[in-house]
Amino acid sequence: VLVIINTGEATTTSRTVTLTLSATDASSIYMMISNEPAFSGASWENSSTTKSWLLAGENGIKTVYAKFKDASNNTSGVVSDSISLDFAAVALEPKLEPEVLGVKIVLTQLEQIQLEATTVYNYNKFVALNDITRELYISTRKNGQQDLVDQDKYALAYYIHNGAPTTEKLGAGERAGVLSSYLSAFGKLPKTEIEWQDVIKIGNGRWPSEKNSAAETKAKLSFKKIYGREAKMANVNNNAAVTVMAYGLRPSQRNLNSEKAAILSFKYFMKRAPTTAPDWDIVRAIAYSGAKR
């Protein structure tokens, strides 16, 4: 078994690399990839010969680990490959336009999100919180009900208090709400750089990379209560409604009149007012997905 980063190149200037993967045993049908030797937060997925992968952390030698498993749960040994990351650090500003040899480079939204997640994940000291953000931070940690190391706490506090440029339109309360939606969808708070990317994607109205079939199944049941029928996932509006209900995607532009109407619809069909993070995700789906009864 083996894993090779960028066809064996010694260095890379991009966090996004291509993995070449191989299991000598043809019966190996699953693989697990991680930036950590303990495979923290990693999960089994169907084997493939190539995979796009995001390196974590700051510049330096980066190692990617892989292992394989067959249908009988026989697991291979761990293999790894390393590459030197020389990623040009960019100060986080609202437009995120780094310069390379004096030429401004306009980043895509996804590249901006990757940079922001790196900054949040690597923040290494506790920020001074005001009264509002302190309450939100404490509530988020309490609701998460999981063991958090100091680095996790710093990241949570930094994100709630300072936010990220691509979602600067969100206030502290809404950023805490994004974390609540993430917690509701995945049953955990973000603890890795890739998980922080998903948090920021949700805040930008983008589909998260990680999926949770249980959350999507629950969202389909909520869809049926609201719309009186099964969701047709091939329909873009139905798909959007289920995804917003499952993961809490925020709209790029808010429409308060649409949200007011959506709250009335929620109350009518659910026979109660929205109070929880999943409730408000349903309200957003009604207001912005375009799905119809």
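A: At the start of helix α8, a side-chain oxygen of Asn-255 comes to within 3.1 Å of the backbone nitrogen of Asn-257. This is a polar contact, a pair of N or O atoms within 3.5 Å, in which, within protein, one must be able to donate a hydrogen and the other to accept it, while residues adjacent in sequence count only if both atoms are side-chain atoms. The model is predicted, so local features need pLDDT of at least 70 and side-chain atom pairs count only at pLDDT 80 or more, whereas totals for chains, interfaces and linings use all residues. Residues are numbered from 1 along each chain as its sequence is written, and side-chain values use heavy atoms, with hydrogens and water left out.

Helices are DSSP runs (H or I, at least four residues), as are strands (E, at least two), and both are numbered from the N terminus. Helix α8 has 15 residues, 256-270.

Glu-259, Ala-262, Phe-266 and Met-270 are the buried residues of α8. Seen down the helix axis, they fall within an arc of 60°, so they line one face of α8; the arc is that of the directions from the helix axis to the C-beta atoms. Buried means under 20% relative accessible area, exposed over 50%, and partly exposed in between, with a 1.4 Å probe and protein chains only. The face turned away from the buried side carries the exposed residues Asn-257, Lys-260, Leu-264 and Tyr-268.

The buried residues of α8 pack against α6 (213-227) and α9 (277-288), where contact means heavy atoms within 4.5 Å. Leaving aside neighbours within four places in sequence, Asp-279 is in contact with Phe-266, Arg-272, Ala-273 and Pro-274. Phe-266 is one of the buried residues of α8. A polar atom of the Asp-279 side chain also lies 3.0 Å from the backbone nitrogen of Thr-275.

After the end of α8 comes Lys-271, whose phi is positive, near 65°.

Terms used: Expected span 1.5 Å × (residues − 1).
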